[in-house]
Amino acid sequence: MTIDFYYARWSPPCRTVELVASILNVKLNPIVTTPSKGDTQRPEYKQMTPQHTIPTIVDNGFVLSESRAICKYLVEKYGSATGAYSKEQLYPKDLQKRATIDHRIDFDLGALYRRASDYFGPVFATGHYGTAALPKLKAALEILDAYLAKTKWVAGPEVTLADIVIVVTISCLEIVGYDLTSYPNVLRWFKAAQTTLPNYNEANHEGTIEFKEYLFSKLLD
């Protein structure tokens with residue numbers, strides 16, 4: 001059975017789900033859903049998910065929104081002991097390992113991705129970058145760089161779900177020309193992630209190019 005996947009390819013949260021599903025070999029039934037065209041405001045969409053956002057999945061009648069919740073659900077339900085990365089590696093049962101992964105994912109949600117969104121998000125409404133967000137974005141990148149000074153991957157010595165989530169955020173900054181050279185550990189990790197994560201180009205990079213094109217089409221600077 002495939003999972004209905006309401007998404008837009010340019011959307012970073014949607015690409016996070018797409019990348020996780022690809023790594024897990026989970027079949028998604030993609031349903032293009034464009035907020036700017038009113039797709040998420042349709043009565044039937046609001047009935048399905050009152051939050052009326054993308055991404056949203058429907059798995060045999062079970063509806064779930066929020067990309068990070070979806071990713072955890074997919075790993076828990078469809079992760080296995082085999083494949084590129086085992087379920088136990090991506091999201092281990094060990095309390096401290098899982099807590100570290102959850103911390104990094106929450107750090108992305110509350111700090112890194114939030115500040116990145118505060119920077120490029122205003123382009124879609126005003127045509128200009130949100131430059132007021134730059135100090136906090138730089139601070140978030142410094143924190144990530146400090147974590148990666150201690151470990152090869154975001155949450156430890158091996159790839160976990162946290163790397164898959166955060167690589168999408170960094171790819172958005174990199175594709176629009178944000179200078180990452182002040183964060184050598186982030187750059188080292190990002191290069192490794194691009195070549196290590198299975199199906200990275202198909203599941204994330206191609207959508208990142210669409211994100212760049214969409215962003216630049218709105219840019220007035």
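Pro12, Arg15, Glu18, Leu19 and Ser22 of helix 1 make contact with Tyr200, Ala203, Asn204, Gly207, Thr208 and Phe211 of helix 10, where contact means heavy atoms within 4.5 Å and helices are DSSP runs of H or I with at least four residues, numbered from the N terminus. The model is predicted, so that local features need pLDDT of at least 70 and side-chain atom pairs count only at pLDDT 80 or more, whereas totals for chains, interfaces and linings use all residues. Residues are numbered from 1 along each chain as its sequence is written, and side-chain values use heavy atoms, with hydrogens and water left out.

The axes of helix 1 (residues 12-24) and helix 10 (residues 200-218), come within 8 Å and cross at roughly 165 degrees, which means that helix 1 is roughly antiparallel to helix 10 (over 145 degrees, with axes fitted to C-alpha atoms over the stretch in contact and angles running from 0 to 180 degrees between N-to-C directions).

The largest pocket holds about 280 Å³ of space, and among its 15 lining residues Trp10, Ser11, Pro12, Pro35 and Phe124 lie nearest its centre. Helix 1, helix 5 (95-120) and helix 10 each supply at least two residues of this lining, the largest share, three residues, coming from helix 5. A pocket is an open set of points on a 1 Å grid where a 1.4 Å probe fits, with protein on both sides within 12 Å along at least five of seven lines, and lining residues have an atom within 4 Å of a point.

| Contact of helix 1 with helix 10 | five residues | four residues | two residues |

Conventions:
Parallel < 35°, antiparallel > 145°, perpendicular 65-115°, else oblique. Nonpolar A, V, L, I, M, F, W, Y, C, P; charged D, E, K, R; others polar. Points joined across faces, edges and corners; volume = space filled by probe spheres on them.
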